[in-house]
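The sequence and structure are shown first.

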Amino acid sequence: TAQWAADASVPAASYGIDASEHVRAKRLYRAGGEQQLLVTAGHTLMPLTLKIPGDHMARAALAAIATAWLFEFPIPEAITGVEALTRIPGRMQRLPQSIDTPVHIDAADTPDRLAVALHALRQHQFGPTTVVHDLGARLEPQWRSRLGEVLQRNECRIVLSGSEMAPEAVQSMAMDVLGGVQSPGRVEVIPDREAAIAWAMERTSSGNVLLTGRGAEAWVNRDGEMRTDEGVVATWLDCRQQAPAIPQLNIFPPHGPNSIFSH
């Protein structure tokens, strides 16, 4: 793209991490889902704290700052605006919850996009990842074994589901994905996506959970209801947080004799 802009003699602003002519960033740290960069734009040098993990998200933030720089918008205001962004629905979106296991949602529906999302979580040291991936009818046959290779390389616990597919179709597609997995014992095939998400949440006590393939897009469950990954997790948390019913126990003797008491 930079070469095309130079050949066409059109105004262009470049951006990148550790390498750029106009807007450049140097990474300071990343931990706990946050990352801090030191941004240089023109004569301005300013730190940027991004509340979304991933190098691809950092580059997207730099693209926004480069756009501001190109249109002579004040860089400090642009950086402040980017820092105010706490979530992008369906894009490395961390769900708020009262449990220790972090849950992220990402729309990654191809092997390469899934690899980028897993790389982001690994860089932020979230620990082992349980991936609940929605196969979807859009996954081309030539990419299915490649998807298995990506999951195998990242040593994930894998749950394959199909939100809007017949169970037989999910099973058939899952067999193609397993062709790229050397340890199929770590793979669960649960066609019902609601059940697959609940299974992962209940069995992940350490590390993190990544829900991929749908992002913020709604889908129809087995009962014909519109659902989202975020909504399924919220429902699961509500059910878990409900206090169990406490039986009314009478620990003191009755004030008067009961019906079978005889004087």
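Is Asp55 buried, partly exposed or exposed? With a relative accessible area of 22%, Asp55 is partly exposed, where buried means under 20% relative accessible area, exposed means over 50% and partly exposed lies in between, for a 1.4 Å probe and protein chains only.

## Basis of the model

The model is predicted, so that local features need pLDDT of at least 70 and side-chain atom pairs count only at pLDDT 80 or more, whereas totals for chains, interfaces and linings use all residues. Residues are numbered from 1 along each chain as its sequence is written, and side-chain values use heavy atoms, with hydrogens and water left out. Helices (H or I, at least four residues) and strands (E, at least two) are DSSP runs numbered from the N terminus.

## Salt bridges

Side chains of opposite charge can pair when their charged atoms come close. Taking a salt bridge as a side-chain nitrogen of Lys or Arg within 4 Å of a carboxyl oxygen of Asp or Glu, the count comes to 12 salt bridges. In one of them the side chains of Asp55 and Arg27 meet at 2.5 Å, N to O; Asp55 lies in helix 2 and Arg27 in strand 2 (residues 23-31), so the pair ties together parts that are 28 residues apart in sequence.

Another salt bridge joins the side chains of Arg87 and Glu230 at 3.6 Å, N to O. This pair links distant parts of the chain, with Arg87 in the loop between helix 3 and strand 5 (93-94) and Glu230 in helix 8, 143 residues apart. Arg87 counts as partly exposed at 38% relative accessibility, and Glu230 counts as partly exposed at 35%. Arg193 forms a salt bridge with Asp229, the closest N and O atoms being 2.9 Å apart, and the pair links helix 7, where Arg193 lies, with helix 8, where Asp229 lies, across 36 residues. Both Arg193 and Asp229 are buried. Salt bridges that share partners also join Arg27, Arg30 and Asp55 into one network.

## Helix 2 with helix 3

Helix 2 (residues 55-70) and helix 3 (residues 75-83) pack at an angle of about 150°, with their axes 9 Å apart; axes here are lines fitted to C-alpha atoms, for helices over the stretch in contact, and angles run from 0 to 180 degrees between N-to-C directions. That makes helix 2 roughly antiparallel to helix 3, given that angles under 35 degrees count as roughly parallel, over 145 as roughly antiparallel, 65 to 115 as roughly perpendicular and the rest as oblique.

The contact (heavy atoms within 4.5 Å) is made by Ala61, Ala64, Ile65, Ala68 and Trp69 of helix 2 and by Ile75, Ala78, Ile79 and Val82 of helix 3. These residues divide into nine nonpolar, no polar and no charged, where Ala, Val, Leu, Ile, Met, Phe, Trp, Tyr, Cys and Pro count as nonpolar, Asp, Glu, Lys and Arg as charged, and the others, Gly among them, as polar.

## Helix 7 with helix 8

Helix 7 (residues 193-203) and helix 8 (residues 229-241) pack at an angle of about 55°, with their axes 10 Å apart, which makes helix 7 oblique to helix 8. Helix 7 contributes Arg193, Glu194, Ile197, Ala198, Met201 and Glu202 to the contact, and helix 8 contributes Asp229, Val232, Val233 and Trp236. The contact residues of helix 7 and helix 8 divide into six nonpolar, no polar and four charged.

## Helix 5 and its surroundings

The axes of helix 5 (residues 144-153) and helix 6 (residues 167-178) come within 6 Å and cross at roughly 60°, and the two helices are therefore oblique to each other. Their contact is made by Arg144, Ser145, Leu147 and Gly148 of helix 5 and Met173, Asp176 and Val177 of helix 6, a set that divides into three nonpolar, two polar and two charged.

In helix 5, Arg144, Leu147, Gly148, Val150, Leu151 and Gln152 are buried, and the buried residues of helix 5 pack against helix 4 (111-123), strand 7 (129-134), strand 8 (157-161) and helix 6. Helix 5 is followed by Glu155, whose phi is positive, near 55°.

## His124

His124 is placed in the loop between helix 4 and strand 7 and counts as buried at 4% relative accessibility. Leaving aside neighbours within four places in sequence, His124 is in contact with Arg30, Ala31, Gly32, Gly33, Glu34, Gln35, Pro53 and Gly54.
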